[in-house]
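Here are my notes on this one, in the order I jotted them down. Have the model open next to you as you go through them.

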Amino acid sequence: MNAGPDTYGTGNSDSDIGVSVGVSSLCMLHATLGTVLERVTDTFSHIEVICEGNHTDLEILESYNITVSFHAPFSDLNIASLNKAILKESLKQISENIELASIYNAEAVCIHPGHFSPLGLHFQEKVFSTRRESLKKLAKKAEECSVILGIENMPMFSILFARTPEEVKTILCEVDSDCVGFTFDLGHANITGNVQQFLLLKEHIITVHLHDNYGDEDTHLALGEGTVNLDIIKELAEKRLVIEVNTFPDAVKSLYCLKTLFSSSNLLLR
């Protein structure tokens, strides 16, 4: 298994370490991408664009001085589907997103690992085989486009894949590509109850999604409003941190929470 590259380095100061913090466009999902950028660029220098719904007008990114990463489309898609038409469309949309990531110099593309459909539950080995072949195809596309993919861990729903570090490691081993790493969603791991175990995969982490919850539902609360152990974030300071909450005020609140968290460790947000 190849390790995901440690893309996001620390600052050069001997006493201060720069911590890269961005925001997901989830915080303004109902607005156009242009409106999102107008709002967030005064506060954040990086955005992870959820590339579906209102946020597909990617050309607007060229008008802003902001670094980007992408979250590939996932609604109604499934790269492990046994329905050939759905599988084909899923691979098409994600492959096109990888190509766009290359065009717009996206630092990484977050992708979902697929899930069991009602039919798939009866043919689980076929589903796992389909997932494996799909991810290999996407990895090949990423290699051709010089794009990094991050497979995201999922919350506690029985049909979802990648809920444990063991399964994420298995997926990474199956794909075995330098262009494929791990998007660590801290909020999801709080729900599945295995945050510490996921840290054993730290070398493969590309991006960290930050949000809070009470360990029961995937509510994407502001940091500090739930039961997530925020001190864990200090162990991930060299990674690209992305605040992934439901509203922009919650994103700002989360950023302030991070500033407070890192201030005692001479860590500076950037």
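1. Let's start with I205. With a relative accessibility of 0%, I205 counts as buried (buried is under 20% relative accessible area, exposed over 50%, partly exposed in between, using a 1.4 Å probe and protein chains only). I205 sits in strand β8; strands here are DSSP runs of E of at least two residues, helices are runs of H or I of at least four, and both are numbered from the N terminus. I205 and R163 are 42 residues apart in sequence, and their C-alpha atoms are 15 Å apart in space.

2. A word on the ground rules. This is a predicted model, in which local features need pLDDT of at least 70 and side-chain atom pairs count only at pLDDT 80 or more, while totals for chains, interfaces and linings use all residues. Residues are numbered from 1 along each chain as its sequence is written, and side-chain values use heavy atoms, with hydrogens and water left out.

3. Have a look at two phi angles. N105 is not a glycine, yet its phi is positive, at about 55°. N105 belongs to the loop between α2 (84-103) and β5, and at 64% relative accessibility N105 counts as exposed. A162, also a residue other than glycine, has a positive phi near 60°. A162 is in the loop between β6 (149-152) and α4 (165-175), but A162 is buried, with a relative accessible area of 0%.

4. Now the cavity. Searching the whole structure turns up 1 cavity of 30 Å³ or more, and the largest cavity holds about 30 Å³ of space. On a 1 Å grid over the protein atoms alone, a cavity is a set of points where a 1.4 Å probe fits but cannot get out; a pocket is an open set with protein on both sides within 12 Å along at least five of seven lines, and lining residues have an atom within 4 Å of a point. Grid points are joined across faces, edges and corners, and a volume is the space filled by probe spheres set on the points.

5. Who lines that cavity? β4 (67-71), β5 (109-111) and β8 (205-210) each supply at least two lining residues, and β8 gives the most, with 3 residues. The lining includes S69, F70, I206, T207 and H209. By class, the lining has 5 nonpolar, 5 polar and 1 charged residues (Ala, Val, Leu, Ile, Met, Phe, Trp, Tyr, Cys and Pro count as nonpolar, Asp, Glu, Lys and Arg as charged, and the others, Gly among them, as polar).

6. The largest pocket has a volume of about 650 Å³. Of the 33 residues lining the largest pocket, E52, H71, F74, H112 and M154 are the closest to its centre. Its lining divides into 15 nonpolar, 13 polar and 5 charged residues.

7. The second largest pocket holds about 210 Å³ of space. Both α2 and α3 supply at least two residues of its lining, with the largest share, 6 residues, coming from α3. Among the lining residues are L87, L91, K126 and E133. The split by class is 3 nonpolar, 4 polar and 4 charged.
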